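Reader: I want to learn how to read aromatic pairs and helix packing. Please walk me through a case.

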Amino acid sequence: MEKKLINVAIDGTSSSGKSTMAKALAKYAGYTYIDTGAMYRAVTLYCLQHGLIADGKVDVDRLVPQLANISITFKVEGGVQETYLNGVNVEKEIRGLEVSNNVSPVAAVPQVRHALVHLQQEMGKNKGVVMDGRDIGTTVLPDAEIKIYVTSSAEIRALRRYREMQAKGDTSVTLADIVKNVQMRDHIDTTRKESPLRKAEGAYELDSTPMSADEQNQWMIDYYKRWMASHGYQA
């Protein structure tokens, strides 16, 4: 069989397991994993650090001229991919609830999306990329060979994130806080004018509600293997 590089686009709601699936597939296939959500979170952290967002309102006039000063890169350290904002490792900071509560308004700013979409498309030009986010199959990589749309109940997604934060020693938020955050982000992500979250044409929809992380990861790898075999390619 021919060895062929393809692009895989995984979209879905927050905390539905899409990033975990994407990482597992990238590792299995030897592909590059691009966490687009981390990119929007990094811009959000920059906004918080520079007083560019308050009460869910983004100071777009001040933010736009500064977009050129924002550098986002990824580095693999100890087998784990870390996010860097202007040369500083911010992986822990961008996963906190303050960033989670503000990322959707920042991601809805057209100029932010245009800048990051352009960067993401450049990353996918040479194929061999697994990318996850909200608009990968619809806007960033509409020609991706494999498109997946992942969803799950808000309560299950909130519980997953709550357990992750507890495991990291973060006890600053309650489960109720996270449920509210998940529901708020779903509303903003699906109703925004610029690249709203929706199932891409030709995407396979996966409801991950009854699945463990390991089951989701194995499902993704099996789906990729079946797709490659059905198209005459070596997985």
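Reader: Is Y204 buried or exposed, or in between?

Author: Buried means under 20% relative accessible area, exposed over 50%, partly exposed in between (1.4 Å probe, protein chains only). Y204 has 40% relative accessibility, so Y204 counts as partly exposed. W219 is buried, at 15%. This is a predicted model: local features need pLDDT of at least 70, side-chain atom pairs pLDDT 80 or more, while totals for chains, interfaces and linings use all residues. Residues are numbered from 1 along each chain as its sequence is written, and side-chain values use heavy atoms, without hydrogens and water.

Reader: How is the ring pair of Y204 and W219 classed, and what are its values?

Author: Rings of Phe, Tyr and Trp (its six-membered ring) pair if their centres lie within 6.5 Å; planes under 30 degrees apart are stacked, over 60 edge-to-face, the rest tilted. Here the centres are 5.4 Å apart and the planes at 35 degrees, so the Y204 and W219 pair is tilted.

Reader: How many aromatic pairs does the structure hold?

Author: Six. In one of them, Y28 and Y224 have ring centres 6.2 Å apart and planes at 80 degrees, so that pair is edge-to-face. Y28 lies in helix α1 and Y224 in helix α9, 196 residues apart. Y28 is partly exposed at 39%; Y224 is buried at 1%. Y28, Y31 and Y224 form one aromatic cluster.

Reader: At what angle do helices α1 and α9 pack?

Author: Axes are lines fitted to C-alpha atoms, for helices over the stretch in contact, and angles run from 0 to 180 degrees between N-to-C directions. α1 (residues 18-29) and α9 (residues 213-230) pack at about 50 degrees, axes 9 Å apart.

Key
Helix = DSSP H or I, 4+ residues; strand = E, 2+ residues; numbered from the N terminus.
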